[in-house]
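Let's take a walk through a protein together, step by step. Have the sequence and the 3D view open, and follow along as we go.

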Amino acid sequence: MAPALSYGPLFCDLDLDKPGRRIGEILLTHSDNIHCYGTIPIPITVIKGGDGPTVLLSGGNHGNEYEGQILLRRLINILESKDVNGRLIIMPSLNFPAVKDIQRVSPLDQGNLNRSFPGAPDQGPTKAIAGFITNHLLPIADYGLDLHSGGAHANFVNCGFLCACDDPVLHKKNIKLAEAFGAPYTVVSPLGNTADGYDPVAHTMGVPFLSCELGGNCGSSVETLDVGWRGILGFLVETGILNENHTLIQQIENRKHGTRYLMAKDHHANVMATHSGLMEPLVELGDVVSAGQPVAKIHSMHGALDIVQTAKSSHDGIIAIQRTGCLVETGNYVCSVYSEIKHDALISLVE
Ligand SMILES: [Zn+2]
C-alpha cells in the first residue's frame with residue numbers, strides 16, 4: 001500500500017498507485033466554531049488500469065461553478081479501471097468548503113483557490129489545498145484539465161481556456177489539448193496573467209494543462225453539459241488514456257473538431273459600468289459587435305426617464321463574457337469583447 005499523503009492540515013490515505021477504482025477523501029483539519037474536532041472531506045477518486053499516463057481532472061475550483069462538478073461525477077460513475085490506459089485522478093469539488101457554501105471562494109478564509117497556487121502549508125485552508133495539489137498531484141501528472149464556469153456574475157461562451165506559457169513546446173501541447181477539447185471557442189490568456197493560478201503553476205512544472213469555461217450564472221444546461229462532456233472525452237482520447245474506439249467515444253457521434261481562438265486585445269476589452277444603476281443588455285453572448293456599438297444601457301435607479309450610461313464596445317469583436325443580473329455598480333464589468341486570433345498568431349504569442 002502506498003504511504004499516506006500529508007500537507008499542512010491535509011491528509012489522504014487513498015492509495016493512488018494500486019490498480020482499480022477507489023473513491024475517497026482528502027481530509028482537511030480546520031478548527032473554528034463549526035468545525036472544531038472534525039475534518040472536512042474533499043472528494044478524490046482514482047481509476048487506474050494498464051500502462052499509460054496520469055491525468056488530473058478537477059471541478060469546483062470555484063465553489064459555485066457546476067458543470068465540472070456534475071460531469072466528473074458522471075465520469076466516475078461510468079468509467080472502470082478496465083477502460084483506462086493509465087491513471088485518472090479526479091477531484092470533482094476541489095475547493096469543497098466553497099462548494100458547500102455555494103460561493104466562489106472559501107468561507108473558511110475567503111481564499112480564492114485559483115489565486116492560491118503554488119500554495120503553502122501554514123497560510124490557511126485554501127493555500128493548503130493548492131499546496132497539496134502542487135506537492136503531491138502535479139508531480140505525478142502527465143496532463144491536467146480544470147473545469148470552470150462563469151459563477152455568480154458571468155456567463156461565458158462555451159470555451160476552452162488556454163493560458164499562454166513561455167515554453168513554446170509546452171504551449172503547442174496545450175494548444176493540442178484545446179483542439180481536442182473542441183469547444184466552439186478557446187479563450188487565450190496572455191503570458192504573465194494570474195501567475196498564482198492552477199494552470200500557470202502546472203505549466204511551470206512542465207505539465208500540459210487546460211481549463212475551460214462553460215456557461216455560468218450558478219447553474220448548468222443541457223447545452224453547456226454537452227459541450228463539457230464532449231470536451232472531457234476528446235481530452236482523454238488526446239492524452240491516450242481513453243481509446244478512440246471506446247464505446248463512450250462512439251456514443252458522441254458527430255464530435256466537432258476545431259475551435260475559434262479569442263483573446264482580449266487590451267484592457268478596454270472589458271466594457272465597464274461608469275455609473276450605478278439597472279443594466280439593460282443590448283447584445284447576446286457570441287454576438288459580433290463593432291467599435292462604438294452600444295452593448296448595454298444603464299438606467300438610473302431613481303428616475304424612470306434617465307439613462308445614465310450607454311456602454312459601448314471599444315473595438316470590433318465577439319461578446320465572450322456577459323454579466324448576469326441587472327444591478328450594476330460603478331466599476332463593474334458589463335461584458336467582454338474579445339478578438340479572434342488565428343492559429344499562427346497563437347503559436348507566435350510565446351516565440
Ligand atoms: Zn472558476
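A pocket, in the sense used here, is an open set of grid points with protein on both sides within 12 Å along at least five of seven lines. Keep in mind as you look that this is a predicted model. Rolling a probe the size of a water molecule over the atoms shows where empty space is left.

Let's begin with the largest pocket. How much space lies in the largest pocket? The value is about 880 Å³. Its lining is made up of 36 residues, and Arg115, Phe156, Phe161, Glu213 and Ile321 are the closest to the centre. Several elements give two or more residues to this lining: strand 8 (154–156), strand 9 (159–163), strand 10 (185–189), helix 5 (198–204), strand 11 (209–213), strand 13 (270–272) and strand 20 (333–341). If you sort the lining of the largest pocket by class, you get 16 nonpolar, 15 polar and five charged residues.

Now for a space that the probe cannot get out of, called a cavity. Counting those of 30 Å³ or more gives one cavity. The largest cavity holds about 50 Å³ of space. Around it you can find Leu56, Leu57, Ser58, Ile89, Met91, Leu94, Ile133, Leu137 and Tyr198. Strand 5 (50–59), strand 6 (85–91) and helix 3 (125–137) each give two or more residues to this lining. Which element gives the largest share? That is strand 5, with three residues. By class, the lining of the largest cavity has eight nonpolar residues and one polar residue, with no charged ones.

His62 sits in the loop between strand 5 and helix 1 (67–78), while His148 is in strand 7 (residues 143–148), so the pair ties together parts that are 86 residues apart in sequence.

A polar atom of the Ser106 side chain lies 3.1 Å from the backbone nitrogen of Leu108.

Leu191 is in the loop between strand 10 and helix 5. With 44% relative accessibility, Leu191 counts as partly exposed. From the C-alpha atom of Leu191 to that of Val55 the separation is 24 Å, and the two residues are 136 apart along the chain. Glu253 belongs to the loop between helix 7 (247–251) and strand 12 (260–263). Glu253 is exposed because its relative accessible area is 56%, and exposed means over 50%. Glu253 and Lys127 are 126 residues apart in sequence, and their C-alpha atoms are 41 Å apart in space.

Notes. Residues numbered from 1 in each chain as written. Predicted model: local features only at pLDDT ≥ 70, side-chain atom pairs only at ≥ 80, totals over all residues. Heavy atoms only, no water. 1 Å grid on protein atoms, 1.4 Å probe; cavity = no way out; pocket = protein on both sides within 12 Å on 5 of 7 lines; lining within 4 Å. Points joined across faces, edges and corners; volume = space filled by probe spheres on them. Helix = DSSP H or I, 4+ residues; strand = E, 2+ residues; numbered from the N terminus. Nonpolar A, V, L, I, M, F, W, Y, C, P; charged D, E, K, R; others polar. Polar contact = N/O pair within 3.5 Å; in protein donor to acceptor, adjacent residues only side chain to side chain. Buried < 20%, exposed > 50% of the residue type's maximum accessible area, 1.4 Å probe, protein only.
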